[in-house]
Protein chains: 2
Amino acid sequence: MSDREIRKTLGGVTAAKGFTAASTAAGIKYQGREDMAFIFSEEPCECAGTFTRNKVKAACVKWDMDLVASGKKLHGVVINSGIANACTGEKGYDACRKTAEAVARVKGVGADSVAVASTGVIGMHLPVEKLEKGVEDMAALLSHDIEAGTKASKAIMTTDTVNKEMAVSFMIDGKEVTLGGMSKGSGMIHPDMCTMLSFITTDIDIERGLLQKAVSEVIDDTFNMITVDGDTSTNDTFMILANSLAGNKKIESEDEDYELFKKALFTVCRYLARTMASDGEGATKLFEARVLNASSKEDARKLGRAVVGSNLSKAAIFGCDANFGRFLCAMGYSGADFKEEDVELFFESREGRLKVFDHGVPLDFDEDEAVKIMKAPEVSVVIDMNEGEYSADAWGCDLTYDYVKINADYRS
Amino acid sequence: MSDREIRKTLGGVTAAKGFTAASTAAGIKYQGREDMAFIFSEEPCECAGTFTRNKVKAACVKWDMDLVASGKKLHGVVINSGIANACTGEKGYDACRKTAEAVARVKGVGADSVAVASTGVIGMHLPVEKLEKGVEDMAALLSHDIEAGTKASKAIMTTDTVNKEMAVSFMIDGKEVTLGGMSKGSGMIHPDMCTMLSFITTDIDIERGLLQKAVSEVIDDTFNMITVDGDTSTNDTFMILANSLAGNKKIESEDEDYELFKKALFTVCRYLARTMASDGEGATKLFEARVLNASSKEDARKLGRAVVGSNLSKAAIFGCDANFGRFLCAMGYSGADFKEEDVELFFESREGRLKVFDHGVPLDFDEDEAVKIMKAPEVSVVIDMNEGEYSADAWGCDLTYDYVKINADYRS
């Protein structure tokens, strides 16, 4: 490959050198399916993370935030689905510590080098003994195989219907660097962050502060631009582990290697974020808002997120109803500053492109053409603000009967 | 009745002295049902109003805001359902002027004494000739009968399933004062304000500034505390007309008469707001959040609105699933400041009361008991913050299959 090319490669969290994974059915809540995953690197890793801004943080989020803040290197992360370990008080934090201590015992590393993450029902306690047993079982199964990463990715799914993983590789001064990740998330998904867990592993050698800087910048244009239902979760966690085994010259400044790494990270995060949006609970299609020529980046983001986050817009997308006034309405309460007289609106998909609103004036358009465009599995509304030079993409999904069905009795 | 008693009386906008109403089937969008209403007082009225904070304001909202700001007295308001006259540019504002001018011609009043309001599809033009014809027809039908007010109230319904009107009377220095109102609103309902139109008429004699002050205070605890789908509309309008025919000594200061008037206004607005919430699109029940002992009034409001506004909470209420963690999650992203360790949560309805969360710790509770409580037509979650002395109630509804059905193809 060329010097600056980013190439898709196989797998997810076990794609990068030195990373292993395993999964098991610990019987935490679900029966008959795997519900725990373990990612591990013998080589200690620099780490960075971004966590939910919800005031109510799950115990595992508090545990991981402490780890990231400590500046210490990590060896891995243990994840479970079924129970979120949120709103569980001190007992919940104890469960995190005991899980990390189980890893410490079987792998001979410090408990303060092990992150934990949970997803599932809020307000229930984790069965700690089952988790400890799960850690022991998984420790014996850890593997660098691509398939081990895929199984780990599947084990953390809750209402997700598709497995979400991706990996890329690129060259830095003659050394191949690999970066791969997995995500889960389907409901309780909203910017800042979504109800999602996402773990990226990479063998790059990079200074910790730059790793965190790249994460923060990429997250704002990827995971923070998706919404399924407007509910920012208690458990949202994004973590990246970098074990330096690629052997590249360490990245210590914002040079072109740093930019290449950031681009690779963006590629993987954008894919995972879009896939989560299109796999939103009950979704039948991906709903994208592409905001063009806004007067600021922040306004572009607000406008896009408000449009894909509106229940009324989402229901219209489900019904293939070109009721574009709902998008304008959502833009109006987004908090962004604009004049409706400047706005142009289009529907777009692989089936074509149709202008429906032009500088404050609704257009007479062909309803059949609109339905044809909206029936595609990925539908975009293109919003040209004609006011500045800033753009943003936001992703969501349609609101369907199945969303209600899934969430009317999630716990049973 | 006693001096300070507020008594429910019959009717809505025609309950107060001197107010007449009429309605007609103008064929604006719907066929075979009434879709225009007209409220009129020969005696000129002081007025006050509150309007949507959506950046995209319907033409009629701009028209009415200009009227309220002008300080001039009003004679009435013309309302239509079917088309919202939003995102319609200058042509939309012209439609407002022409409608008001039609009233001016038939009733011999100034066009600048006539408010207009619309509800329905955004981004479509009003058929102005039909509105003008409708005004002429209604002018001939104006009546002070209770029934005329009820018919007007029904004519402005869109996806509403129940008619919403209420009137009360009370005494001020030996004179009977009456205050009545009507509302429509079912979807696109969210604080600041809901997608709703609400008109109150009263024969009280009150100084204009105090009228506006009372409105602003009452709205914050009533109409701004309901949400159906999180979509703040382009058309939200609350207006009150006061024609002074009760003959009371004019209210010119914040004395006890002012307080009595405000209490009457609160009584009517709270009823109309709650009724709109429970008639939310597709709703099967009223969902109330009662926040107690918060550290500030604004925090109490934020907490309540976030809980009743959460799709996940609303779906759980529909499914009678006591998944209280979703309420805590919504509280966590509400923007309010609190500690989960202080919080107590209860479910409550006419079937009983059940504690589910106690100072940060989830309780083992009887699921059957929870289902019994949640099956009631009005379900409350009582949230004791144990942090201060401020309280707020918020109202919403459950999220159901029918919400999706109604909104997937609203325009057809």
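**Two chains of a predicted model**

Student: How does chain A score on pLDDT?
Tutor: Chain A averages a pLDDT of 90, and 95% of the residues score at least 70; pLDDT is the predictor's confidence in each residue, from 0 to 100. This is a predicted model, in which local features need pLDDT of at least 70, side-chain atom pairs count only at pLDDT 80 or more, and totals for chains, interfaces and linings use all residues. Residues are numbered from 1 along each chain as its sequence is written, while chains are lettered from A and ligands numbered from 1 in the order in which they are written.

Student: And what are the ipTM and pTM?
Tutor: The model scores ipTM 0.72 and pTM 0.79.

Student: How many residues of chain B are in contact with chain A?
Tutor: On chain B there are 52, and they meet 52 residues of chain A; contact requires that the C-beta atoms, placed from the backbone, lie within 7 Å.

Student: Which helix gives the largest share of that side of chain B?
Tutor: Helix 9 of chain B does, with seven residues. Helices are DSSP runs of H or I with at least four residues, strands are runs of E with at least two, and both are numbered from the N terminus.

Student: How do the residues on that side divide by class?
Tutor: The side of chain B that touches chain A has 26 nonpolar, 18 polar and eight charged residues. Ala, Val, Leu, Ile, Met, Phe, Trp, Tyr, Cys and Pro count as nonpolar, Asp, Glu, Lys and Arg as charged, and the others, Gly among them, as polar.

Student: Changing topic, is helix 8 of chain B buried or exposed?
Tutor: Eight of the eight residues of helix 8 of chain B are buried, so this helix is largely enclosed by the rest of the structure. Buried means that 20 or more other C-beta atoms lie within 10 Å of a residue's own, exposed 12 or fewer, and partly exposed in between, with C-beta atoms placed from the backbone.

Student: What phi does Cys320(B) take?
Tutor: Just after helix 8 of chain B, Cys320(B) takes a positive phi of about 50°.

How values were computed: Contact = placed C-beta atoms within 7 Å.
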